[in-house]
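Have a look at the structure first, then walk through the points below.

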Amino acid sequence: MSRALIDLVPKSSWVLRSTSWGNSLPAAVSHAFLPVAQVRQSSHSPMGASPSHGRKPVTINTLQSLYRKNEPITMITAHDFPSAHVADHAGMDMILVGDSLAMVALGMEDTSEVMMEEMILHCRSVARATKSAFTVGDLPMGTYEIAPEQGLESAIRMVKEGRIKSVKLEGGIEMAPTIAKITRAGIPVLAHIGLTPQRQNSLGGFRVQGKSTAGALKLIEDALAVQEAGAFAVVLEAVPAEVAGLVTRNLAIPTIGIGAGNGCSGQVLVQVDMTGNFPPGRILPKFVKQYGDVWSESMRAIQAYKADVKSRAYPAVEHTYPMPKDELAEFEKLIGEKALR
């Protein structure tokens, strides 16, 4: 490091990298003192520290306490470090690494395409950002349906490699043995019934479930089955509000609604949907409330950046690093002499 650069950093921010010389250092080892950077010069620096309020980590006990107090449980999806970072800072109780990342992060047509390796990669990214919220990872299609043993193996991978705290899987009565197998191994399971996107082809598309008496009875049978199997909570998707309310009142575990009305124990939404991070013209499900317009703000910022670059308004002087005038003069002199040779 040059003497001029070191001189730009306050002496109070220096640290001793080697202590073997004590307080008396000869000039030959003066490089042992290096400044601690006050401002990162990297364009890919970390996104910041943990929330300043020091929220305690949310656990299964926390969620059960919220349920007993009838305080709604908040849940949102995240698919990478930035989306998890903001969700955790916002104080969400739960963060779901949903297989919806197939569409919102990977550009796939539906959730059935995403692979286990891709889910694990995104779970790890979310886990690095999440310091307080309780994390859940979706088991992708094809990783748990064959047998309970397959489900347990997949759940173990999600926890060990993906670093999340629990898993979610779709299905009711038919998945109860798999849920029981996983929970007996000590891995919490969030069940998912009603509209199950991985099975949309057998359901005739993304259709509301439980609208008939028979459908509503099937829903509550599924809910009771996953509860008995050990699920700590159950997602109810695209279900009439009245049916979801009755199911919730007949369970001893929380229900997390998505398109299931206000009678559930909590709510979940896909972050990309509710923040408006998509181009104009996209059709949202009826149950989504758009709380922001991230797409328009990002478009405005990027177009302004483009215009500034084209006009050379950016970078301005304040965005550049200064060089001492005497050093610059010496550099110009040396360059000039080299050109004359």
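Glu 71 and Lys 69 join their side chains in a salt bridge, 4.0 Å from N to O; the term stands for a side-chain nitrogen of Lys or Arg within 4 Å of a carboxyl oxygen of Asp or Glu. This is a predicted model, in which local features need pLDDT of at least 70 and side-chain atom pairs count only at pLDDT 80 or more, while totals for chains, interfaces and linings use all residues. Residues are numbered from 1 along each chain as its sequence is written, and side-chain values use heavy atoms, leaving out hydrogens and water.

Salt bridges
- By this rule, the count is nine salt bridges.
- Lys 69 is exposed at 54% relative accessible area, and Glu 71 is partly exposed at 40% (buried is under 20%, exposed over 50%, partly exposed in between, with a 1.4 Å probe and protein chains only).
- Glu 161 and Arg 157 meet in a salt bridge at 3.0 Å, N to O, and Glu 117 is linked with them in a network of salt bridges.
- Arg 55 and Asp 88 form a salt bridge of 3.4 Å, N to O.
- That pair links distant parts of the chain, 33 residues apart.
- Asp 88 is buried, with a relative accessible area of 0%, whereas Arg 55 is partly exposed at 22%.

Asp 93
- Which side chain of opposite charge is nearest to Asp 93? Arg 55 is, 4.6 Å away, and the buried Asp 93 has no salt bridge (Lys and Arg count as positive, Asp and Glu as negative; His and chain ends are not counted).

Definitions and conventions: Helix = DSSP H or I, 4+ residues; strand = E, 2+ residues; numbered from the N terminus.
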